Amino acid sequence: MRRMILSGFFPLTAGPYLKTAPLFLLFLILPALLAGCLAYSLEKEHGAVPVVQPENEELPAAGGEEGVELDPREKELEERLTREEQARLAQEERIKLEERRKEELGPFYVPLPFPEQKENPPVKARGIYLTGHTVGHPRYRELLDLVESTELNAVVIDVKNDHGMVTYTTDIEIVKQVGANRNVPIKDLQAVLEELHSKNIYTIARVVVFKDPYLAEQKPEWSIQRKGGGLWRDLKGVAWINPYERNVWEYNIAISREAALQGFREIQFDYIRFPENAHIVDREAYFPGQEISKEEVIREFLAYAREQLKEYNVYLSADVFGVIATSWGDSDRIGQTWEEMSPHVDYICPMVYPSHYGPGYFGFSVPDAHPGKTVEYALSDALKRNATLSKPAVIRPWLQSFTASSWVSGAISYGPAEIRQQIETAQKMGIDEYLLWNANNRYQRESLFPAGEADHVMDKFFQARAAGQDSLGRTPRQAVEVFLEAIRRRDWREAFALQVTDFTLDHRSYPEWKGKWTARPTYYAIEPPEVPAGGSADPLFVNLEVHLTSRGNEFKLVRESWEVRMENHLWRVRPSAAFVELMTFDPGAGEELPRLTHKP
């Protein structure tokens, strides 16, 4: 069988095969010769030889070979398809992300902002406060004309008011569940904001946070509790929400997110505090979940809010009592401490209404009767408090545009002159932003300059300031004098505001250091430095001689050169290392004297 199969292919006798061999070889060789000749011809003509592509090797993509370009139309099509694919993938990822957020946030869910957002450059806001009812009232047109035709350029609009009610149509499930969206006065908030933006008016959303009587009644488990049981209420019978309750945080942040999506450029938190009259509150009430101090939880809320709102392209501001700039620590036990709040917002808005300072403040029996000076002292304290912080908020004060005679004994009527006096006092101190408050939204046109004139007034104030003066009107030499006098009087607050510490000492550690002071300046002679016109961004150096006493011993620092630099709009002083060491030097403890210190 094997023999038969083989014979079918190869003849068993060699004769016939040998006769045909030359023809057979010619048949095999001739195609190869022809191919070689063709290749040689192509090489001579084109300088290239065609290459046969193996069957198992991939062909290069169109346009992928080096030096080969796609037709412009093909390239444009390829790029468009790539963009469409990227957009599709991004859209799918966004849908997945939104689904996760819906699951995580539940009834507090608010969509993420659009990937492409409008620019939101900072604005030196000069604005008025408007309730939601005013925006929905025909009188709104008059107020809009007031803003357009005067130095004003901003409005603060309630989106969640003092009663806990939102003022616009909301899609937030938790707000609808509790019914805080009943009878909203602003029917089309987005249209209102679009019109304001078309007129270049800066928009600020006011969100009243922890004074929320409506939510407190609807969610008593989220509220401040009475030690004897039930809701705690203030002297006016108003229930307050509990700042330690995280659901309250999410509730207010959800409203803030939605306000940002509607088009507001800034979120302003008001009543960002515990109830006043803490001596009564702390005796009667308790706060479920309280594990940290009041000032710490307010700080933590602001830090959390800033983190949660960072994708929404809005600024964050906080309204605070004006008195917290003058008092230290949480002296009123309402949770507001300047140093704990200012670093966590873009704008801090002290309510420096003269009517809100009691008898004796700043040396006045009735501060309300001295609008200019009261605002000056209050803002001076605010500037000093900001000076000690590495990244403080911009100070934008609330000013009084109302008369307080109904509740302040000795109050005066506030007309255009009293309102203007407050504005210009702030401007002379370099504070060129302000907000006017009138609960009834009635503002006096005569107190305001025409549009465009306010900036010229600010320039005049700046030019009138003596060369080298800071926002408190001090020169570098005066800053050193005030610092030394503060050390001599043991006024650590004034000294802290003026001493350059590279922000390594804060409002807690500085008074601890002050407790170790043993020395006191008894004499100093200061040579005034030359200050360039308009001030200097670079540090200056002040030459001086200082004498100190410590536990009956007298010491002398000669040929001293102290650095003075502008920080947060104030001249601040960096004393020499020898001076700092001497302040806590104890001669009786066997310590080595600081260098450059001489005993006469």
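What is the volume of the second largest pocket? In this predicted model, the second largest pocket has a volume of about 970 Å³. Its lining is made up of 34 residues. Those nearest the centre of the pocket are Ala 260, Leu 261, Gln 262, Gly 263 and Phe 264. By residue class, the lining of the second largest pocket divides into 15 nonpolar, 11 polar and 8 charged residues. Rolling a probe the size of a water molecule over the atoms shows where empty space is left.

Several parallel strand pairings were found. Strand β1 (residues 126-130) pairs with β2 in the parallel sense over 4 bridges, and Gly 127 has Ala 154 in β2 as its bridge partner. Strand β2 (residues 154-160) is mostly covered, with 7 of its 7 residues buried. The pairing of β2 with β3 is also parallel and has 6 bridges; here Ile 157 stands opposite Ala 205 in β3. Strand β3 (residues 202-208) is in turn joined to β5 by 5 bridges, and these two strands run parallel. Ala 205 stands opposite Ile 267 in β5. Finally, β5 pairs with strand β7 (residues 315-321) over 4 bridges, again in the parallel sense. In that pairing, the bridge partner of Glu 266 is Tyr 315 in β7.

Strand β5 (residues 266-270) is mostly covered, since 5 of its 5 residues are buried. The side chains of this strand can be sorted by direction. Glu 266, Gln 268 and Asp 270 point one way from β5, whereas Ile 267 and Phe 269 point the other way. Residues in both groups are buried.

The relative accessible area of Trp 398 is 0%, so the residue counts as buried. Trp 398 and Met 351 are 47 residues apart in sequence, but their C-alpha atoms are 4.7 Å apart in space.

A search of the whole structure finds 31 aromatic pairs. One of them joins Phe 364 and Tyr 377, whose ring centres are 6.2 Å apart and whose planes meet at 50 degrees, so the pair is tilted. Phe 364 belongs to the loop between β8 (347-351) and α13 (371-387), and Tyr 377 belongs to helix α13, so the contact ties together parts that are 13 residues apart in sequence. Phe 364 is buried, with a relative accessible area of 16%, whereas Tyr 377 is partly exposed, with a value of 35%.

A second pair is formed by Tyr 510 and Trp 517. The ring centres of Tyr 510 and Trp 517 are 6.5 Å apart and the planes are at 85 degrees, so this pair is edge-to-face. Tyr 510 is buried at a relative accessible area of 0%, and Trp 517 is buried at 7%. Tyr 510 and Trp 517 also belong to a cluster, in which ring pairs link them with Trp 328, Trp 492, Phe 496 and Trp 513. A pair of aromatic rings is described by the distance of the centres and the angle of the planes.

Rings are also found in contact with charged groups. The charged end of Arg 246 sits over the ring of Tyr 304, at 4.8 Å from the ring centre. The charged end of Arg 420 sits over the ring of Phe 449, at 3.8 Å from the ring centre.

Most residues other than glycine have a negative phi. Asn 277, although not a glycine, has a positive phi of about 60 degrees. Asn 277 is found in the loop between β5 and α10 (278-284), and with 36% relative accessibility Asn 277 counts as partly exposed. For Asn 568, phi is also positive, near 50 degrees. Asn 568 is placed in the loop between β14 (553-567) and β15 (570-574). At 25% relative accessibility, Asn 568 likewise counts as partly exposed.

Definitions and conventions:
Residues are numbered from 1 along each chain as its sequence is written. This is a predicted model: local features need pLDDT of at least 70, side-chain atom pairs count only at pLDDT 80 or more; totals for chains, interfaces and linings use all residues. Side-chain values use heavy atoms; hydrogens and water are left out. Rings of Phe, Tyr and Trp (its six-membered ring) pair if their centres lie within 6.5 Å; planes under 30 degrees apart count as stacked, over 60 as edge-to-face and the rest as tilted. Buried means under 20% relative accessible area, exposed over 50%, partly exposed in between (1.4 Å probe, protein chains only). A charge sits over a ring if NZ of Lys or CZ of Arg is within 6 Å of the ring centre and within 35 degrees of the ring normal. On a 1 Å grid over the protein atoms alone, a cavity is a set of points where a 1.4 Å probe fits but cannot get out, and a pocket is an open set with protein on both sides within 12 Å along at least five of seven lines; lining residues have an atom within 4 Å of a point. Grid points are joined across faces, edges and corners, and a volume is the space filled by probe spheres set on the points. Ala, Val, Leu, Ile, Met, Phe, Trp, Tyr, Cys and Pro count as nonpolar, Asp, Glu, Lys and Arg as charged, and the others, Gly among them, as polar. Two strands pair if DSSP finds at least two bridges between them.
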